[in-house]
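Please look over the sequence and the model shown below. The paragraphs after them go from the overall fold to individual side chains.

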Amino acid sequence: TCPRRETREFAQGGECFECHPECERIEGNLTCNGSGRPGRGPAAAAGADTCTRCARYRDGPHCV
């Protein structure tokens, strides 16, 4: 797991990566995850399509 910080993160392969800024902060639950872009590495996985909920709107698979 990742330490609690102002910026939300997800853990993948023992490392922590920031959630996309368009993801809605969710207290006590996952804000985002690293799924959705297998084989492209953790940096690519932190896209707006990995949000649990969008901070504003969803356009297809992406938060905008």
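Among contacts (heavy atoms within 4.5 Å) between residues at least 6 apart in sequence, 31% join residues at least 24 apart.

Residues are numbered from 1 along each chain as its sequence is written, and side-chain values use heavy atoms, with hydrogens and water left out.

How confident is the prediction, on average, in pLDDT? The average for the protein is 78, and 78% of the residues score at least 70; pLDDT is the predictor's confidence in each residue, from 0 to 100. Confidence is highest in strand 3 (residues 58-59), with a mean of 92, and lowest in helix 1, with a mean of 45. Over residues 37-45 pLDDT stays under 50, and for this stretch the model has 13 contacts beyond four places in sequence. Where pLDDT is low, the predicted coordinates should not be read in detail.

The accessible surface of the protein is about 4,400 Å², and carbon and sulfur atoms account for 48% of it; such areas come from the Shrake-Rupley method with a 1.4 Å probe, and for residues only the protein chains shown count as cover. Of the 64 residues, 30% are buried. Here buried means under 20% relative accessible area, exposed over 50%, and partly exposed in between (1.4 Å probe, protein chains only).

Two buried residues are Phe10 and Phe17. The whole structure holds one aromatic pair. The ring centres of Phe10 and Phe17 lie 5.9 Å apart with their planes at 35°, so this pair is tilted. By definition, rings of Phe, Tyr and Trp (its six-membered ring) pair if their centres lie within 6.5 Å; planes under 30 degrees apart count as stacked, over 60 as edge-to-face and the rest as tilted.

Thr31 sits in the loop between strand 2 (15-18) and helix 1 (42-45). Why does Thr31 count as buried? Its relative accessibility is 5%. Apart from neighbours within four places in sequence, Thr31 is in contact with Arg8, Cys19, Cys23, Glu24, Arg25, Ile26, Cys51, Thr52 and Arg53.

Charged pairs come next. The whole structure contains three salt bridges, each defined as a side-chain nitrogen of Lys or Arg within 4 Å of a carboxyl oxygen of Asp or Glu. Arg56 pairs with Glu22, their closest N and O atoms being 3.2 Å apart. This pair links distant parts of the chain, 34 residues apart: Arg56 is in the loop between helix 1 and strand 3, and Glu22 in the loop between strand 2 and helix 1. Arg56 is exposed at 56% relative accessible area, whereas Glu22 is buried at 15%.

Arg53 and Glu24 form another salt bridge, with closest N and O atoms 3.6 Å apart. Again distant parts of the chain are linked, with Arg53 in the loop between helix 1 and strand 3 and Glu24 in the loop between strand 2 and helix 1, 29 residues apart. Arg53 is partly exposed at 44% relative accessibility, and Glu24 is partly exposed at 29%. Glu27 forms a salt bridge with Arg25, the closest N and O atoms being 3.4 Å apart. Glu27 is exposed at 56% relative accessibility, and Arg25 is partly exposed at 35%.

Technical notes
This is a predicted model: local features need pLDDT of at least 70, side-chain atom pairs count only at pLDDT 80 or more; totals for chains, interfaces and linings use all residues. Helices (H or I, at least four residues) and strands (E, at least two) are DSSP runs, numbered from the N terminus.
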